[in-house]
Amino acid sequence: MSAGMPLLSDDPLTAAPVEPANPESPGSRKALRFCVLGSGSGGNSSVIALGDQAILVDAGFGPRTIGRRLEQAGLHLRQVRALCLTHLDQDHFRPHWVRTLVEQGIGLYVHRWHLPDLHRVPLIDALYDAGLVKIFEGGAFLPLGGAADLEARPVRLPHDRKGTVGFRFESGAGRIGYATDLGRVPRELIDVLSDEGGVDLLAIESNYDPPMQEGSHRPAFLKRRIMGGHGHLSNQEAFEAVQTIAQRCAPGCPSRIVLLHRSDQCNCPTIVQRVFDQNPHLSQRVMLAQQRRRSPWIEVRPLAAAGRKQLTLGF
């Protein structure tokens with residue numbers, strides 16, 4: 001580890017190694033880019049841009065906050081074509097997004113098992129009337145429409161009563177794995193994110209430190225919920241998942257690792273860094289997202305394609 005250069009930053013805006021050249025200006029080519037607009041118990045949202053079009057993954061902040069952070073990143077809400085939900089907890093979907101989705105014509109992609117939760121959202125009929133509710137289940141779907149080169153492959157994750165959805169987003173420009181709010185790492189997630197050479201960027205939650213969780217003033221039932229296999233991932237569980245995925249991916253993949261949903265009460269950047277420093281090769285690729293600021297843009301580079309060819313030749 002370089003002296004004076006932490007591998008994890010609580011302020012991703014200072015994490016220079018992951019900021020591509022001139023990231024705020026959309027390029028003419030269809031580059032695949034990723035930005036965390038904010039992540040934590042107070043709200044979660046990320047944006048994936050392909051050329052001049054974009055999708056949101058969750059909308060756990062209001063439209064004004066997300067719109068402002070998009071503009072800071074060089075995008076406008078009118079460029080967003082879809083909102084893909086992991087689940088409908090309020091820190092992942094704010095109900096007052098319904099009006100904005102209708103006004104902007106943004107499709108809402110939701111898993112079939114989350115429909116009962118969706119139907120409790122006020123004014124949701126307006127989204128149905130506008131034809132903007134897009135229901136997916138086990139198969140892949142195209143959140144930017146059939147003419148765009150972006151596919152989303154969902155995978156079910158254990159979390160509370162209904163579970164959440166992780167995603168593998170794939171285009172000719174690269175591959176992104178996304179998993180948050182999961183109490184344990186199912187084999188299917190490992191398989192999906194390491195299939196065909198794996199993903200070039202992995203965003204996964206690293207929520208809590210067990211001693212801090214145990215020593216907190218949180219009620220016992222909440223501690224059991226978080227740590228009981230249907231809540232959130234600890235730092236060590238996140239590290240083991242990342243290491244397993246990396247071992248099964250093509251060499252050098254994932255080249256970027258973004259840690260999501262860190263608990264302010266029961267975790268801290270120093271502890272996260274200590275856990276990921278168990279593997280210095282991985283820790284050098286890690287960025288820690290935060291709640292109140294967006295991350296830099298990360299341009300996704302398709303290293304997995306070259307690695308996949310090498311793996312095929314090896315057999």
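Two strands pair if DSSP finds at least two bridges between them. Strands here are DSSP E runs of at least two residues, and helices are H or I runs of at least four, numbered from the N terminus. The model is predicted: local features need pLDDT of at least 70, side-chain atom pairs count only at pLDDT 80 or more, and totals for chains, interfaces and linings use all residues. Residues are numbered from 1 along each chain as its sequence is written, and side-chain values use heavy atoms, without hydrogens and water.

Six strands form an open sheet of mixed pairing, ordered β7-β8-β9-β10-β11-β12. The twist averages 15 degrees from one strand to the next. Seven antiparallel bridges join β7 to β8 (residues 164-171). Val 155 stands opposite Gly 166 in β8. Helix α5 (residues 187-194) packs on the sheet, in contact (heavy atoms within 4.5 Å) with β7, β8, β9 (174-179) and β10 (201-205).

Gln 291 lies in the loop between β12 (286-288) and β13 (298-299). Leaving out residues up to four places away in sequence, Gln 291 touches Gly 38, Ser 39, Gly 40, Ser 41, Gly 42, Gly 43, Phe 61 and Arg 69.

Two arginines sit over tryptophan rings (CZ of Arg within 6 Å of the ring centre and within 35 degrees of the ring normal): Arg 33 over Trp 297, 4.1 Å from its centre, and Arg 156 over Trp 113, at 4.0 Å.

Notes. Axes fitted to C-alpha atoms, helices over the stretch in contact; angles between N-to-C directions.
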